Amino acid sequence: MFGTPTQVTDRSQVFHLVWTYNIKDLDKRKKARCACDGSTRGGKVRLLDYTYANCVDHTASRMFYAISAAENLLIFGADVCNAFSEAPAPKQGFYIQPDRAFQEWWVHQGRDPIPEGYVIPVMRAMQGHPESPRLWEKWCDQMIKTHQFTPTTHEPCLYTGVWHGEKCYFKRQVDDFEFAAPSNKLAHLFYDALDDHLTMPIKRQGMVTLFNGIDIQQTRHYIKISAETYIEKMGTKYLELWHKEVPMTAERPLPIPTHEAFLKAFQQAEGDNDPTTMATLQQRYHFGYRNGVGELIYAMVTCRPDISTVTVKCAQHSANPAEIHYQAVKHAIKYLVATRKDGIYFWRVTPRLDLPDHPIPICATSLHGQLPPHIQRPQHDCLQLHAYTDSDWATCTRTRRSFSGIVIQLAGGTIAYKTKLQPTVALSSTEAEFMAACDTGKMILFIRSILWDLGIPQQAATILYEDNDACTAMANAQKPTTRTRHMDIRYFALAEWVEHDLMILERINTSINMADHMTKILDRTLFYRHVDYIMGHIPPLYSPCYATHSKQPCPNIERDQTPDDLCMSDYATAAAKCCIDSYPWTLITSCSALIQSNPHLRAIGLWGGC
């Protein structure tokens, strides 16, 4: 890492040191880190190569957990000690000026004291130099590839390979690793193989519980990701200031008040640009508005899609917030603290008996609230990608632009989601829906590409659920309308993707289109109807927990079977044991013809009640 102390006449390549101190959230270790000052203010750095280094995308990270749950794998974490020192030095070549702390460490290593005026040549990459992250990434990538693990094209931080005869997955985020494998033994063997390339052994973390600020809970039936640790740390500073002053419903809280007067004032209010007024508001509410919105954004982009709409709408007023916008942010922060244990659930196909059996999540809505009568909610296999899209036409009162909502799911939970203010004004609801569907199509192609590289190809076209008939006709049948002739040609790429069997739009009832949650602020009933499915609170049909959730014996359903493929007697036997008020509507409505023709069901009045 470091060469022999020497004297130099040209001080332009001598960097000063910067020390950072931290307490690790995982094990509360106190950690000191030495880095060189490679910032522009130092004036020493010269860039002779590219500096970009990949970091794992949040969508790809959620895909990793979803696939691990669907394939019944365990996830093991590891941390590379002093990772950058494994990579070669930057092209510039530089020295560091030792300070007192560095000199004490130098002597503690059994070396002679550094003479006054001497500098230390740096022989490897060092944290702080702009080229070091890229050098480490390239070196680490080659190390992983030597063990026949292949990265995906569009997400280079995700790998797949066969290790000792078992298919495994690997994810890296700078110097933090996650390895998904069927057993602990395979993970240890893989990390042992990586140790052979490193000067310092990898720190094994066992089954991962916290990774880059995201809490991971691996249980018998599901893998749950949440931001509980982050939210607790973020909410602590508000507890003594105003946290107890914000009113909130004890049961089923909402991220923002939904009464009409508040929402109207929230959308139409304009803040004062006067610095004195803004400083007064900040002092009164004990936080900076942009800081509060930023804290919401981190939770939102990691694993809290339930606050997506509120966060985006609050962020629209970051330039000059009014007092009511401060109140909305405070309410959203308190909602996060109140629901800090919540997260996204990805469901296993078969239980892992070697893991603890945690209870399934509690749903905030009844079975009737989850699925209104006579409406069938679609069911999918664990590794069958499917998406929902929606738009709220011209609801931005200042610009008259529309909001797009996107939800993409895998393994019973959401892996990709977005609330987006559309870039142009839509002249009709069909145009707004088509623009939202096009954005969803681009995300679908990205995810399909990653799944293909990971060895999970989507054989059939990905189903994109849409609640606008004109939009589905334009995409599926290339049916033109007079209202969309002026649209930008790039949006009609959606029709080409459908033509190539990459995706297909299907009509869905608006009441169960969960992307509706991403476009507008909903009342309590609709909010929790969609959030329970978006967050994966409700086990999918393939999960053994599905029968527990519905509180009724569930017929033995094969994963590849649809309800209409099942034997009539299975449904008759299961339905005859229950009451119409509690039995899952997904089973009843999917077999209406069977119910009508079955004497057992007619005998208990099921058909008449429907």
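By class, how many nonpolar, polar and charged residues does the lining of the largest pocket have? There are 22 nonpolar, 10 polar and 13 charged ones, where Ala, Val, Leu, Ile, Met, Phe, Trp, Tyr, Cys and Pro count as nonpolar, Asp, Glu, Lys and Arg as charged, and the others, Gly among them, as polar.

Before you click on, some housekeeping. This is a predicted model, in which local features need pLDDT of at least 70 and side-chain atom pairs count only at pLDDT 80 or more, while totals for chains, interfaces and linings use all residues. Residues are numbered from 1 along each chain as its sequence is written, and side-chain values use heavy atoms, with hydrogens and water left out.

**Stop one: the pocket**

Select Lys31, Arg33, Asn82, Gln127 and Asp175: of the 45 lining residues, these lie nearest the centre of the largest pocket. Its volume is about 1500 Å³. A pocket here is an open set of points on a 1 Å grid over the protein atoms alone, where a 1.4 Å probe fits, with protein on both sides within 12 Å along at least five of seven lines; lining residues have an atom within 4 Å of a point. Grid points are joined across faces, edges and corners, and the volume is the space filled by probe spheres set on them.

Now colour the elements that give two or more residues to this lining: strands E2 (17-23), E3 (30-36), E11 (203-207) and E12 (210-211), plus helices H2 (100-108) and H5 (228-239). E2 gives the largest share, five residues. Helices (H or I, at least four residues) and strands (E, at least two) are DSSP runs, numbered from the N terminus.

**Stop two: helix H1**

Next, select residues 58-70. H1 has 13 residues and reaches 18 Å from its first C-alpha to its last, close to the 18 Å expected at 1.5 Å a residue (that is, 1.5 Å times one less than the number of residues). Because 12 of the 13 are buried, H1 is largely enclosed by the rest of the structure; buried means under 20% relative accessible area, exposed over 50%, and partly exposed in between (1.4 Å probe, protein chains only). Among the buried ones are Arg62, Phe64 and Tyr65.

Zoom in on the start of H1, where a side-chain oxygen of Asp57 comes within 2.8 Å of the backbone nitrogen of Thr59. After the helix comes Asn72, with a positive phi near 60°.

**Stop three: salt bridges**

The structure holds 18 salt bridges, each a side-chain nitrogen of Lys or Arg within 4 Å of a carboxyl oxygen of Asp or Glu. Three of them are worth a click.

- Lys91 and Asp49: the closest N and O atoms are 3.9 Å apart. Lys91 sits in the loop between E4 (74-79) and E5 (95-96), and Asp49 in the loop between E3 and H1, 42 residues apart. Lys91 is exposed at 58%, while Asp49 is partly exposed at 25%.
- Arg284 and Glu323: here the closest N and O atoms are 3.0 Å apart. The pair links H7 (residues 275-285) to H10 (residues 323-338), across 39 residues. Arg284 is partly exposed at 45%, and so is Glu323 at 33%.
- Lys520 and Asp392: the N to O distance is 3.9 Å. Lys520 lies in the loop between E20 (503-507) and H15 (524-534) and Asp392 in E16 (residues 386-392), so the pair ties together parts 128 residues apart in sequence. Lys520 is partly exposed at 24%, whereas Asp392 is buried at 15%.

Technical notes:
Polar contact = N/O pair within 3.5 Å; in protein donor to acceptor, adjacent residues only side chain to side chain.
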